[in-house]
Amino acid sequence: MGSFSIWHWLIVLAIILLVFGTKKLRNIGSDLGGAVKGFKDGMKPGEEAKTDQIQSQAAPADKTVDVHAKDVNKS
């Protein structure tokens, strides 16, 4: 495909724009960008430490939760 000239690529781009429309292509581009950003954020080192810190802030150690467990298999 490298042997095509710039005019061939412009014609292909014009056909794609006619088929999909600019709004749909813009939505696809923003979705793809969000996915790439999420992937990069997930691959950062030290991310586990941040999530552990967030979880510890969400449930402080000084509060107690009273839970009564019962066996649902027994009648």
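Modeller: Of the 75 residues in the protein, 0% are buried. The model is predicted, and its pLDDT averages 76 over the protein, with 68% of the residues scoring at least 70. The protein has three helices and zero strands, so that its elements read α-α-α from the N terminus on. Confidence is highest in helix 1, at 89, and lowest in helix 3 (residues 47–58), where the mean is 57. Where pLDDT is low, the predicted coordinates should not be read in detail.

The part to look at is the meeting of helix 1 and helix 2. Two packed helices are described by the angle between their axes and by the distance between those axes. Helix 1 covers residues 6–20 and helix 2 covers residues 22–43; their axes come within 6 Å and cross at roughly 95 degrees. An angle of 65 to 115 degrees counts as roughly perpendicular, and helix 1 and helix 2 are therefore roughly perpendicular to each other. On the helix 1 side, the residues in contact are Ile16, Leu17 and Phe20, and they meet Thr22, Lys24 and Leu25 of helix 2. Sorted by class, this contact has four nonpolar residues, one polar and one charged.

A record also covers this part of the chain. UniProt, in an unreviewed entry, lists residues 6–22 as "transmembrane region". In the model, the span of residues 6–22 is 94% helix and 0% strand, and its end C-alpha atoms lie 21 Å apart.

Notes. Residues numbered from 1 in each chain as written. Predicted model: local features only at pLDDT ≥ 70, side-chain atom pairs only at ≥ 80, totals over all residues. Heavy atoms only, no water. Axes fitted to C-alpha atoms, helices over the stretch in contact; angles between N-to-C directions. Helix = DSSP H or I, 4+ residues; strand = E, 2+ residues; numbered from the N terminus. Parallel < 35°, antiparallel > 145°, perpendicular 65-115°, else oblique. Contact = heavy atoms within 4.5 Å. Nonpolar A, V, L, I, M, F, W, Y, C, P; charged D, E, K, R; others polar. UniProt positions renumbered as here; feature names shortened; annotations may be inferred. pLDDT = per-residue confidence, 0-100. Buried < 20%, exposed > 50% of the residue type's maximum accessible area, 1.4 Å probe, protein only.
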